[in-house]
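This report goes through one protein model step by step, starting with a charged pair and ending with the surface. Keep the sequence and the picture side by side while reading.

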Amino acid sequence: MLHSQKKDFAHKISSASKEARETKYWLQLLHKSNITNISVDIPLKEVEQLINIITKIVKTSQQNLK
């Protein structure tokens, strides 16, 4: 993979990380607000798993850029 492609990939995966963290925030806010009876336990666990996976990809991508 060319350096510019690696840099672009690292940028996009960093954006995905931010989006996943924002999703977690909104799910937690929905849960704490008691606006609805919808359970967010499973989606919260899933987004936490995605955050862990994406974080590892971000770290690896950044290391590969060096």
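Asp 8 is partly exposed, with a relative accessible area of 36%. The model is a predicted one, and every value in this report is computed from it. Asp 8 takes part in a salt bridge with Lys 12, and the closest N and O atoms of the two are 3.4 Å apart. Lys 12 is exposed, because its relative accessible area of 52% is over the 50% limit.

Where do Lys 12 and Asp 8 lie? Both are in helix 1, four residues apart, which is about one turn of the helix. An α-helix has 3.6 residues a turn, so residues three or four places apart point the same way. Side chains of opposite charge can pair when their charged atoms come close.

## A charged pair between two helices

The count of salt bridges comes to two. In the other pair, the side chains of Lys 24 and Glu 48 meet at 3.9 Å, N to O. Lys 24 belongs to helix 1 and Glu 48 to helix 2, so this pair ties together parts that are 24 residues apart in sequence.

Are these two residues buried, exposed or partly exposed? Lys 24 has a relative accessible area of 25% and is partly exposed. Glu 48, at 34% relative accessibility, is also counted as partly exposed.

## The nonpolar core

Which residues make up the largest nonpolar core? There are nine: Ile 13, Ala 20, Leu 27, Val 40, Leu 44, Val 47, Ile 51, Ile 54 and Val 58. Helix 1 (3-33) and helix 2 (41-65) each supply at least two residues of this core. The largest share, five residues, comes from helix 2.

Ile 51 is one of the core residues. Leaving aside residues up to four places away in sequence, Ile 51 touches Ala 20, Arg 21 and Lys 24. Ala 20 is itself in the core, while Lys 24 is the residue that forms a salt bridge with Glu 48.

## Helix 2 and its buried side

Helix 2 has 25 residues. From its first C-alpha to its last it reaches 36 Å, close to the 36 Å expected at 1.5 Å a residue. Its buried residues are Leu 44, Val 47, Ile 51, Ile 54, Val 58 and Ser 61. These buried residues pack against helix 1.

Ser 17 is found in helix 1. At 10% relative accessibility, Ser 17 counts as buried, because the limit for buried is under 20%. Not counting residues up to four places away in sequence, Ser 17 touches Ile 54 and Val 58.

## A nonpolar patch on the surface

Which residues form a nonpolar patch on the surface? They are Phe 9, Ile 53 and Ile 57, and together they have about 250 Å² of accessible area.

Ile 53 is found in helix 2. Its relative accessible area is 48%, so Ile 53 counts as partly exposed: the value falls between the 20% and 50% limits. Ile 53 and Ile 35 are 18 residues apart along the chain, and their C-alpha atoms are separated by 30 Å.

Technical notes: Residues numbered from 1 in each chain as written. Predicted model: local features only at pLDDT ≥ 70, side-chain atom pairs only at ≥ 80, totals over all residues. Heavy atoms only, no water. Core = buried A, V, L, I, M, F, W, Y, C linked by side-chain atoms within 4.5 Å. Buried < 20%, exposed > 50% of the residue type's maximum accessible area, 1.4 Å probe, protein only. Contact = heavy atoms within 4.5 Å. Patch = residues over 30% accessible without salt bridge, like charges linked within 9 Å, V, L, I, M, F, W, Y side chains within 5 Å. Areas by Shrake-Rupley, 256 points an atom, 1.4 Å probe, with all protein chains shown as cover. Salt bridge = Lys/Arg side-chain N within 4 Å of Asp/Glu carboxyl O. Expected span 1.5 Å × (residues − 1).
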